Amino acid sequence: MHSCCATTHRLPIPYPVCMHCNALCCIPPSSYHSTANALYGTATVASRHILLACSVMPACCAHVHAGKWASTVVTGVKYDKAVATGFWRLFKYISGNNEQEQKVEMTAPVTVRVTPSQGPFCEDNFTISFFVPFDFQSKPPQPSAEEVYIESRPALEVYVASFSGWATGSKYVARAAELTEMLEDAGHPIEADHFYTAGYDSPFRLLNRHNEVWILAGQQPSKQQGIGREAAAVAAA
């Protein structure tokens, strides 16, 4: 076992797994059971070993497993309104607004793929997603609403930074900018055209909230401007 994995627990949700020790990283103890509430229910995704703290990298470098997600795209509005719109589209889907009228258990995290606009006449693009529980991964219920679709997301290698409290678009963007600048200064290659946010808690949870930003690891040193510069264009509230 890697030296940074001295203390581990098990958690049944699709968190990113540390590439250095095959453990799940950047999750504080207070967030272990954030899905055990009336909205998120009990988790159905297979357990993962998780890491309390990873000191190998300046930001935890993690592996997010491939899988199917229910997704919807929102454009033309700021981050917070986009997430609210997308969340309720997806919540209707898991509540039975699908061709099988099947209720699907809520999982965490709720991710948002943020693609900043590439010019003054372009719109920011937000893809909001719920992870499809393992029981439905092989054959997810097909959405009835045209704006909701099933996405087969490939495995991702990401740098993860977390923070607590209530998350807003501006807080996510600020954290993404800080993380990108730190990674670029350290010489770590990244993909700079989009990033992810990940929220793990019910809207009704008041304390011990856990939020993350994911910056995609790149294969070659980035020649683009980082998210620290691009994020200024994101329409965060």
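Student: How many helices and strands are there in the protein chain?

Tutor: In this predicted model, the protein chain holds three helices and eleven strands. Read from the N terminus, their order is β-β-β-β-β-α-β-β-β-β-α-β-β-α.

Student: Why does threonine 111 count as buried?

Tutor: The term buried requires a relative accessible area under 20%. Threonine 111 has a relative accessibility of 0%, and therefore counts as buried. This residue is found in strand E6, which spans residues 110-115.

Student: Which residues does threonine 111 touch, not counting residues up to four places away in sequence?

Tutor: With that exclusion, threonine 111 touches Trp69, Thr127, Ile128, Ser129, Arg153, Tyr196, Thr197, Ala198 and Trp214.

Student: Where is proline 109, and what kind of peptide bond joins alanine 108 to it?

Tutor: Proline 109 has its place in the loop between helix H1 (79-94) and E6. The bond joining alanine 108 and proline 109 is a cis peptide bond, with omega at about 5°.

Student: Glutamate 101 lies in the loop between H1 and E6 as well. Why is glutamate 101 called exposed?

Tutor: Exposed means a relative accessible area over 50%. Glutamate 101 has 66%, and is therefore exposed. Its phi is near 50°, a positive value in a residue other than glycine.

Student: Why is asparagine 208 described as partly exposed?

Tutor: Partly exposed applies between the buried limit of 20% and the exposed limit of 50%. The relative accessible area of asparagine 208 is 45%, so the residue is partly exposed. Asparagine 208 is found in the loop between strand E10 (195-199) and strand E11 (210-216). Although asparagine 208 is not a glycine, its phi is positive, at about 55°.

Student: What percentage of the residues of the protein chain count as buried?

Tutor: Of its 237 residues, 50% count as buried. The accessible surface of the protein chain comes to about 11100 Å², and 53% of that belongs to carbon and sulfur atoms.

Student: Among contacts between residues at least 6 apart in sequence, what percentage join residues at least 24 apart?

Tutor: Within that set of contacts in the protein chain, the figure is 78%.

Terms used
Residues numbered from 1 in each chain as written. Predicted model: local features only at pLDDT ≥ 70, side-chain atom pairs only at ≥ 80, totals over all residues. Heavy atoms only, no water. Helix = DSSP H or I, 4+ residues; strand = E, 2+ residues; numbered from the N terminus. Buried < 20%, exposed > 50% of the residue type's maximum accessible area, 1.4 Å probe, protein only. Contact = heavy atoms within 4.5 Å. Areas by Shrake-Rupley, 256 points an atom, 1.4 Å probe, with all protein chains shown as cover.
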